[in-house]
Amino acid sequence: MRAILTSECCSITQDDAVNPMQAHPTMIQGMIHQFNQTLNLQRLSAFLMLIAFVCASTTTQAANQPASEIKHFRATALTSTLAIPGEDALLIIEITVDKDWHTYWPGINDTGYGLSVTPFPSEHLTFGEPFYPTPTRHLAAGNILDHIYEETFQVLIPYTVSDDAQPGTRFAVGASIDALVCNQICIPESDAISLMLAVINPTDHTFTRQEAIDTYNDRPTDLTSVTPKWTRDAAQLRIPGATHYQFFPSDDCTQPANLIKEGDTKSKVLTITFDRSYEDDPTTPAVLSGRIRAKVLDTWQEFNIHFVQEGSNP
């Protein structure tokens, strides 16, 4: 008896067909092995196609997620009080950075650009300069020095309500936020937040966020009681009674040459040496600018400084 054996996995033509009863056992086993091997490959192929589909679906879902769901910081807008015509108040931008992540203060850093918070224009409000808190020094492997913010902090923006703002008026107030957030990688992120602010009569009852008001009132003041001594490539600043200094240079400060050593020093004098090799005109007056923390009689004091070199000693 002659027969034809066919399947998706294998076929035996009529010329090659044999009587199954006369087939050698080894031949039968080989046919079975070939069938199972092909079937396993088909199952594996189907399984891999399923994995590819799931991965593609997951990737598509992640790509379609709103940016706010994958940010590494969150921001909230608050005000220190309701709006009273002619009165001053604060726009409070509270920022929380994810655990183990950080962002940068708006000054000189080795690896990241600074945080920027910009209030939206308003016909009823006049804004002042944002107050950024003093950062912390972050020294990483390879002598990489940054000045960073972690966890939760506040940027305070003063504003004055216009005299002609009518009680009962409600309007939006808010700010845009641009930040570089880093952990093992750095990601530029942005956000825009706002709230509705009500104008009230001066005699109406209102709330106050006193802690934010106190923080703003106690913010660093401009240091005007002392002036630095200049040499050709350095500035020296002495604050009476100070024994420890930390210096956080702003963007307009001349590039410090050795901020790792000189930016945090236990000394009676703060000495900042400048690196002017990159400048087109190194005869341009140097600028010592930024924020200083000085330990005076076991108490830390903070000051803003901005000094322009008026002359140099040989």
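Student: How many disulfides does the structure hold?

Tutor: One. Keep in mind that this is a predicted model.

Student: Which cysteines form the disulfide?

Tutor: Cys182 and Cys186. Their sulfur atoms lie 2.0 Å apart.

Student: Is the disulfide of Cys182 and Cys186 right-handed or left-handed?

Tutor: Right-handed, because the torsion about the S-S bond is about 115 degrees.

Student: And is Cys182 buried or exposed?

Tutor: Buried, because Cys182 has a relative accessibility of 1%.

Student: What about Cys253, buried or exposed?

Tutor: Cys253 is buried, with a relative accessible area of 6%.

Student: New topic. What does the secondary structure come to?

Tutor: Three helices and 20 strands.

Student: How many residues are in the protein, and what percentage is buried?

Tutor: There are 314 residues, and 38% of them are buried. The accessible surface comes to about 18,800 Å². Carbon and sulfur atoms account for 53% of that surface.

Student: On to the largest nonpolar core. Which residues touch the most other members?

Tutor: Ile93, Ile95, Leu115, Val117 and Ile177, out of 33 residues in that core. Strands β3 (73–79), β4 (88–97), β10 (152–161), β11 (170–182) and β12 (186–198) each supply at least two of the core's residues.

Student: Which strand gives the most to this core?

Tutor: β11, with six residues.

Student: Take Leu115. What is Leu115 in contact with, leaving aside neighbours within four places in sequence?

Tutor: Quite a list. Its contacts include Ile95 and Ile177, plus the aromatics Tyr104, Trp105, Tyr132, Tyr149 and Phe153. Apart from this core lies another, of 24 residues, including Leu145, Ile292, Val296 and Ile305.

Student: How many of the contacts between residues at least 6 apart join residues at least 24 apart?

Tutor: 68% of them.

Student: Last one: where is Val269 found?

Tutor: In the loop between β17 (264–265) and β18 (270–273).

Student: Why does Val269 count as buried?

Tutor: Because its relative accessible area is 19%, and the cut-off for buried is under 20%.

Student: And what does Val269 contact beyond its neighbours within four places in sequence?

Tutor: Gln236, Leu237, Arg238 and Tyr245. As for Pro240, 29 residues separate it from Val269 in sequence, and their C-alpha atoms are 9.3 Å apart.

How values were computed:
Residues are numbered from 1 along each chain as its sequence is written. This is a predicted model: local features need pLDDT of at least 70, side-chain atom pairs count only at pLDDT 80 or more; totals for chains, interfaces and linings use all residues. Side-chain values use heavy atoms; hydrogens and water are left out. Helices (H or I, at least four residues) and strands (E, at least two) are DSSP runs, numbered from the N terminus. Buried means under 20% relative accessible area, exposed over 50%, partly exposed in between (1.4 Å probe, protein chains only). Contact means heavy atoms within 4.5 Å. Accessible areas come from the Shrake-Rupley method with a 1.4 Å probe; for residues, only the protein chains shown count as cover. A nonpolar core is a set of buried Ala, Val, Leu, Ile, Met, Phe, Trp, Tyr and Cys residues joined through side-chain atoms within 4.5 Å. A disulfide is a pair of cysteine sulfur atoms within 2.5 Å.
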